[in-house]
Amino acid sequence: MITIKRVETKKDARAFVNFPLKLYAKNPYYAPLFYADEIKLLDKKTNIYSDYTESAFFLALNEKNRVVGRIGAILNHADIEKTGVKSVRFTRLDAIDDFAVFEALFAAVEDYAKGKDIFLVQGPLGYNDLDKEGLLIQGFDRFETYGGVYNYPYYQKHIEALGYEKAFDWIERRLKVPPVVDERYARTAELVQKKFGFQELVRDDMKTKELFDKYADDLFRLVDEAYAKLHGTVPLTENAKKSLLDGLKIIVKARYLSCVADRNGNMIAFGLMLPAIWHALNKSKGKLFPFGIFYFLPLLFKKTTELEMALIAVKPEFQNKGVNSLLFTDLIPCFNEYGYKYAESNRELELNSKVL
């Protein structure tokens, strides 16, 4: 017998965030989100997305009153306004291999949606496109990126048994860093730079604070513009931007960021790479303190050979004009200088032909 309990107390919140840490305790590929950030999401007062969403979170309990699953429901008003489609998103799904648990969890989300007079549920989706989203259906023996998702193979079987169907695929790639910039890229970059008068904005010696103080607004503006037509994306709020910046400041260096400007100095494209942090998240269980920070320290001293391609954005009117060649012509020598060997692309929509 499975009982559903809505998360209402601090004890419930801790149980909700702790459950996947137990479920994947012996799995080396799972990387949780930061523990403190997840706890904040479960309280409307501290949820940084509460200005444009409503949320509900549920625990599945067995007959011994032990947590055997969890799920969240998000009513994203910004997405409904943008698309005109009324739906509720399911998020943060984790459960043991038991169809009855999945059935009870999804019934809770569907009842929540019906209570809002909504009859479409889709997911896994997050609060925005930078939140975790998607269901892993291949690559269960690969490390999860920070922006990616990990789940056990049985998730797909149980979700489809409940009548849910695939809407589209995301694709993620593991790429080998080339020892030198490809001649075609270098030649394209030179031609594009001459034709449009593009210029690189970021100096290699910039400190992180100076970097974000100067360019954060432009970076977020470009993300909103470039991602506007992609499924599930909504403009980033000020609270969401601040939260993202707080996390990036820990590991971002100027040489991980390439920004291209037009003749007038206006940013029209950027590519942001990060040292891979999934190993640190796995070992620390997403907790920085008191001891988790030690797992992240090697990243500050470049003691890793793997990168994560965190974000890339090109202003719509400059897409398909070879601007990406400038970004990678700038970044690839940096990767080699620091000894990086591989890069994970993060998820790319199968319909997003431009980024593919």
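Rings of Phe, Tyr and Trp (its six-membered ring) pair if their centres lie within 6.5 Å; planes under 30 degrees apart are stacked, over 60 edge-to-face, and the rest tilted. The structure holds 23 such aromatic pairs. This is a predicted model, in which local features need pLDDT of at least 70, side-chain atom pairs count only at pLDDT 80 or more, and totals for chains, interfaces and linings use all residues. Residues are numbered from 1 along each chain as its sequence is written, and side-chain values use heavy atoms, with hydrogens and water left out.

| Pair | Centre distance | Plane angle | Class |
|---|---|---|---|
| Tyr152 and Tyr154 | 5.7 Å | 25 degrees | stacked |
| Tyr185 and Phe328 | 6.4 Å | 75 degrees | edge-to-face |

Tyr185 lies in helix H6 (residues 183–196) and Phe328 in helix H11 (residues 323–337), so their pair ties together parts 143 residues apart in sequence. Helices are DSSP runs (H or I, at least four residues), as are strands (E, at least two), numbered from the N terminus. Phe328 is buried, at 17% relative accessible area. Tyr185 is partly exposed at 31%. Buried means under 20%, exposed over 50%, and partly exposed in between (1.4 Å probe, protein chains only). Tyr154 is buried too, at 13%. Ring pairs also link a cluster whose members include Tyr152, Tyr154 and Phe102.

The open sheet has 6 strands in the order S7-S12-S11-S10-S9-S8, with mixed pairing. Strands S10 (residues 267–275) and S11 (residues 306–314) pair in the antiparallel sense over 7 bridges; pairing takes at least two DSSP bridges. Pro275 stands opposite Leu307 in S11.
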